[in-house]
Structure formats: structure tokens, C-alpha cells
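Subject: Structure handover

Dear colleague,

Here is the structure we spoke about, with notes on what was found in it below.

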Amino acid sequence: MTVRQGVAVPLTQAGLIALGLGTWELAAQSGWIDARNFSSPSLIYTAILFLYSEGDLLFHVQATLKVLGLGFGSAVIVGMTMGILLGISASFRAYVEPFLVFVNALPRSILVPVFIIWFGFGMAPKVLAVFLVAVFFITINVSTGVRTLEGEFVVNARMLGADWRNLATNVYIPGVALWLLGSARVAFGYAFQAAIVAEFFGAFLGLGYVIVRAQGAFSVHQIYGALVVTLMIAFTLDRIAAAVESRSTRWMGARA
Amino acid sequence: MNMRRIRIAQILTVVIMLATWQLVGADGRYHISTPLEIARAMSLWVTVPTRWSDLSRTLQAAGLGFGLGVSLGTLLAIIVLTSRFLSKVATPIIGALNALPRIALAPAFIMLFGIGIDAKAYFVAAAIFLIPFYNIVIGVQSIDPALLQNVRILGANRRHRLREVYIPAVAAALLTSLRLTAAWSLLATILSEYIAASAGVGYQIRIGQGLLRPDITLAAVLLVAFMSFSIDRSLATIQSRTMRWRDAG
């Protein structure tokens, strides 16, 4: 790729975004579209500043991140344990499989209303929803990982004289960690979505609540403002997950 | 491994769980309802005609949104794929959009378009169109270059390549994406009905929550699960039928 092409792509991207935002702003200013419905970039910016200075935006962001962290953290622990068990024991796998299929077919993020009736309006229903959405990705990915290790890798390591301790530290743990990281980015995206949706269902905390509250108050600019903040957080988290993923799987490229 | 023993253990687990639930729930102190109440609530979906209209509204909104979103995603993918420059420019922007929990857009769409079926269809389309789009773009970009070169050596011109390589690749990618797209269409419809609607399966979920009646809510959730399961199965069948030629190669 020549230097000129290397600059042209990001330049066009920035230009397109600036053009889009500029047109939107102008159309709203000149009254060509109704800013009461479609808002405008400057109004959204003001709304974000208002949400921030009012003092509760960071508080709600924290609440969402806490739900996400607790739900996803427990999903990683349980998913890894389940995945390893499923990968190692064929009879356990046969026992659990129909239950997994059933729960996986359930639309888990809309179960939140049921959890709210059961556990109240606290953090528990939201954490549970995030957990349930993430845990299946992780379980299935880790168990697939363990099963691929079972063949050639384990046999080779045994032939080289590895006992179970060597197998655990040199084969299973790195292998499982890899499959975990491979599924983490996708699972994390779904978990974030589940956290926001869970906060739609009658909550008093979190980014999802800020969005629904703005809808209830017919405040279009605040809806868009909260969405922009959500987008920025989602994008940042996704970038971090992608960086972790590519760094930890870089060595794999050398094998091919 | 003894398959019969495992089956017996599975059946026992289900029976014990349902029995415990029934016994604890019948006490009425915990608002967890009972399996029998849930079964009764589910039977209402068969016997009560107003529920049929709830169901048909949900399916209409989901179906319209599905059609709209898939067409939009396919069209956009084809536009982006026609130019290498365009696809370089568009990919990161769409990647950023893809990271947004698009289902969070529901309140914005309700503000813009109201609470009718068309408003829900627009929301569903916005929530899903990136799935077929992404699948098609990645599917076409991952066409084996060796295949293209071979076809070229065999004397294929632009039209041949389009017909023999690109169109089958787009069709296969689109078909693969449809299962995920269908599941999300239904889910997005239910969510927007929960937030604001006067009818629909999602509306019934909200009613159940408001009345502290988990049986009503759970029956509706199970209905959604049943619908998405049957849609998924039929799409999987269609997919394996039409994609059979692939394995032959």
C-alpha cells in the first residue's frame, strides 16, 4: 500500500463522519428536520454535559459496570469449571447436554422480569441475566477447547513422559486459557447488551435506566446522549477485549 | 458410559426439580408460582382468542423487521463490496456500530416512530441489519484467492466470476446469518413491546411482572423460546438442504 492510500482511508472516514454530523447539525439548526424529534449533535453534547454535571452519569455508568463485572466474572469461573468437566467426562457431557440445549434456547435476557419478581429490584436479577447470557458461550467454548486438547496434544505429552501435573500446567491450563480468551470478546459484547437490557426492565440504576428515564421524560436529547455514552463505553471495552485477544493468540500464527 | 443410566438420571433430575418447585411454590409465600400454574398460563395462549392477536402482532412486527433488516443489510453489503476503497472506509465505522448494544436503541425508536407495528419493525430492522451485512462482507472477503485464480485461468470473465463465485458466496453467507437474525428479530420485538405497546407477547410479559404473576411472564417467555426454537430448526433444515452441494466438493 502506498503512503497516499494509507492516508486516504482514515481521511475519508473522518470526512464522512464530519460531513454526517455537520449535515445533521445544519439541518436541525435551519429547521429542515425537527430537532425536537431528531435532536442535533450540539444538543446531544449539551445533554451529555448536563447528565454529567447533574452528577449522576458517572454513578450510573459505575452501576452498569459493576453488574457487568460481577455477572461476567462469575460466568467466567462457572463457565470454565463446567467447560473443563464437560470436556473431560463424556458421561457428564451426556447428562448435561439436554439441559444445556433447553436453557440455551430460552431467551435469557427477557427472563429479567421473572427474576425481578423473584429477587426484587436490586442488583441480583441483572447480575443473573448477565451471568446466564455469558456463561453458555464460555462453557461451550472451553469444553470444545478441552476436547481438542484431548487428542494429539495429550498423547504426545504423555509419550514425552508427562504426569498429570505436567499435563495440567503445560497442556490444559494454557489450552483452556486460550479458548477462554477466544470466546471472551464475543461473550463480553453480549454480556454488555444483557446488562443494558436488564436495566430497561424496571431498574433505578445504570445506563439502561438513564435511557428509559429519558424516554419517560420525553427528553430526546438525553436518550441520544445516553446512547452516545453507551456507544463510547461499548467501543472502549470491545477495543480492550480485542487487544487482549490478539496479544494472547499471536503465537498461534507462527504455527501455520 | 451407560446411556440408559444417564437417561434415568436426567429424568429423575427433571422430576425432582419440578416436584420441589411445585411444593415450594404452592406455599404461595415466595412468588415463584408453580409448574402447574405455568402450564395453565400456557394453555391460555391456545384457548383465549385475544392472545392469538397478541401473537400475530408480535409475529407481524418481527417478520416485517426481519425482511426490512435483511434487505437493508444485503443491499449495503453489496454496495460496500463493489469497491475495495469503500469497504476499507466502511469496515471500521460499521465495526464501531456493531459494538453498540443496538437493542438499547428501542426507546429512541419509540420516541421517533411511536408504538405501532411499523415502529417496531423499524427498530427490529435497525437492531439486526448488521448481522447479514457482516456475514456477507466477511464471507466474500474470505473467498479463497486460489479459487478465483483457478476460475480466471479457466477463462472466466467478470460475469462468470459473478455467477459462479460471488453470488453463491453471498447466498451462503446470507443463509448462515438468517438463523441468528431471526432469533434477534423476535427478541428485539419482544423487548420493544415490553417497553411500550398495548398488545403483543412482550406486553404480556410486562403484565405478568406488574401483577407479580411469574406464571404469566414465564408462559410468555416459554412461548418465545418455542417460537424461536421452531424457526431456528426450520432454517437449519433449509440451510443443510441447500448447502448440501458444499460437502460434495
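In which helix of chain B does Arg51(B) lie? Arg51(B) lies in helix α3 of chain B, residues 49–81 (helices are DSSP runs of H or I, at least four residues, and strands runs of E, at least two, numbered from the N terminus).

This is a predicted model, in which local features need pLDDT of at least 70 and side-chain atom pairs count only at pLDDT 80 or more, while totals for chains, interfaces and linings use all residues. Residues are numbered from 1 along each chain as its sequence is written, chains are lettered from A and ligands numbered from 1 in the order in which they are written, and side-chain values use heavy atoms, with hydrogens and water left out.

Arg51(B) counts as buried because its relative accessibility is 12% (buried is under 20% relative accessible area, exposed over 50%, partly exposed in between; 1.4 Å probe, protein chains only). Apart from neighbours within four places in sequence, Arg51(B) is in contact with Ala41(B), Leu44(B), Trp45(B) and Gln204(B) (contact means heavy atoms within 4.5 Å).

Now the interface. The contact takes 50 residues from chain A and 49 residues from chain B. Between the two chains about 4200 Å² is buried, 82% of it from carbon and sulfur atoms (accessible area lost on being put together, 1.4 Å probe, summed over both parts). On the side of chain B that touches chain A, α11(B) gives the most, with nine residues.

Regards
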